[in-house]
Each structure stands twice: as C-alpha cells, then as structure tokens.
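Here's a quick tour of how this fold is put together. Have a look at the model first, then read on.

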Amino acid sequence: MRYLLIPIALILSPMVMAQQKHGHAHEHGKGNLEITLDKSRMVGKLKIPLEALVGFERLPKTEVENNAINDLNQKLANPATFFVMNKEAECSPKVLENTIVRDTAGKHADLHYQFDLNCSKPANLKQMSITLFANYKRLKEIKVESVGPAGQKSTTAKPQSNIILLNWQFPQTQV
C-alpha cells in the first residue's frame with residue numbers, strides 16, 4: 001500500500017500545482033461580484049472575463065473592436081446602468097476603478113470594475129438588479145458574495161434571475 005502512494009502523489013502533484021498557479025478561475029461567461037455594505041456606503045467589485053462583454057480578450061485589432069471597448073467604457077462610466085438598487089434606498093453611484101487586466105501571454109483579459117454607492121437610506125436597501133445580462137448575451141452568470149451588517153451571503157445571478165435580494169438588517173438604535 002505504501003508503494004502505491006508515491007506513484008499517486010507523482011501523478012497528482014502537477015494537477016495541484018496547476019490549480020495553485022492559476023489562483024482565480026477565469027471562466028468565459030462567468031463573473032464574480034463582491035458587495036460590501038458599511039453604514040451608508042456600498043462598494044461593489046466586479047471581475048469578469050472581457051470576452052463575455054466584447055467578444056474577445058486580446059488587444060483590439062479593428063475599428064469595430066475598438067468601438068466595442070469604447071462603448072463598454074462609456075456604459076461603465078455610470079454604475080447605475082448595470083447595477084440598479086431599489087429607489088427607496090436613495091443611492092448615488094460613482095466609479096472607483098475600471099481596468100482591463102491582461103495575463104502575461106496576452107491571451108486572457110479580465111475587467112476589474114469597482115463602484116461605490118452612497119445611500120441616503122441604507123436601511124431601505126433591499127435588492128439590486130444586475131442588468132448586464134440584457135446587454136451582454138455571452139454573460140451567463142455572476143457569482144455574488146455580499147457582506148453587510150447581518151453577515152455574509154452568497155448567491156448566483158443569471159439572465160433569467162438577475163435580482164439579488166440584499167435583506168441587510170441594520171442594528172436598531174436604542175432610544
């Protein structure tokens with residue numbers, strides 16, 4: 001039995017090393033969104049393969065591809081275009097980061113997008129609609145991790161179910 005463990009370890013070690021080397025998963029059609037709510041401020045961090053948004057990941061080569069990148073950047077200038085909060089929370093959006101990050105080989109690229117929402121009535125913040133799916137048909141799902149006053153929550157948004165229920169409970173102030 002002991003002699004079988006060495007060949008198995010030799011076979012499995014390259015697979016384990018490959019998984020560790022590529023820390024985050026770059027899956028076409030899938031993105032990750034982290035949401036953090038602290039008092040009246042909500043910060044969202046979206047990472048998504050560029051291919052899902054513009055159809056390619058390499059540097060643009062044609063005018064059509066340049067236009068696709070420019071169009072995406074124009075839309076991303078207003079986070080409320082793609083992340084719609086319920087009106088009762090009275091949130092105002094602002095972009096904090098909009099960067100395309102490429103791997104060293106130039107084969108893969110991700111959009112790193114960070115936005116900030118200041119909400120006048122954060123206790124009323126109940127849901128967020130992710131409308132990216134309507135504009136980008138290659139996008140199939142976004143894994144959403146949220147952290148707020150009531151703890152952590154994980155869910156997946158898809159084209160047919162793009163509303164994320166936030167249901168953050170704020171501590172009641174004592175009178």
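## Ground rules

Two strands count as paired if DSSP finds at least two bridges between them. Keep in mind that this is a predicted model.

## Around strand 7

Strand 7 (residues 141–148) pairs with strand 1 (residues 30–38) in the parallel sense, over seven bridges. Across that pairing, N32 stands opposite K143 of strand 7.

Strand 7 also pairs with strand 8 (residues 151–157), this time in the antiparallel sense and again over seven bridges. These two strands form a hairpin, with two residues between them. As for bridge partners in strand 8, V144 has T155 and V147 has Q152.

## The core

The largest nonpolar core has 36 residues. Those with the most contacts inside it are L33, M42, F83, M128, I130, L132 and I142. Which strand gives the most to this core? That's strand 5 (residues 109–119), with six residues.

F83 is worth a click. Leaving aside neighbours within four places in sequence, F83 is in contact with residues including L33, L46, Y113 and F115. The run M128, S129, I130, T131 and L132 is also in contact with F83.

Terms used:
Residues are numbered from 1 along each chain as its sequence is written. This is a predicted model: local features need pLDDT of at least 70, side-chain atom pairs count only at pLDDT 80 or more; totals for chains, interfaces and linings use all residues. Side-chain values use heavy atoms; hydrogens and water are left out. A nonpolar core is a set of buried Ala, Val, Leu, Ile, Met, Phe, Trp, Tyr and Cys residues joined through side-chain atoms within 4.5 Å. Buried means under 20% relative accessible area, exposed over 50%, partly exposed in between (1.4 Å probe, protein chains only). Helices (H or I, at least four residues) and strands (E, at least two) are DSSP runs, numbered from the N terminus. Contact means heavy atoms within 4.5 Å.
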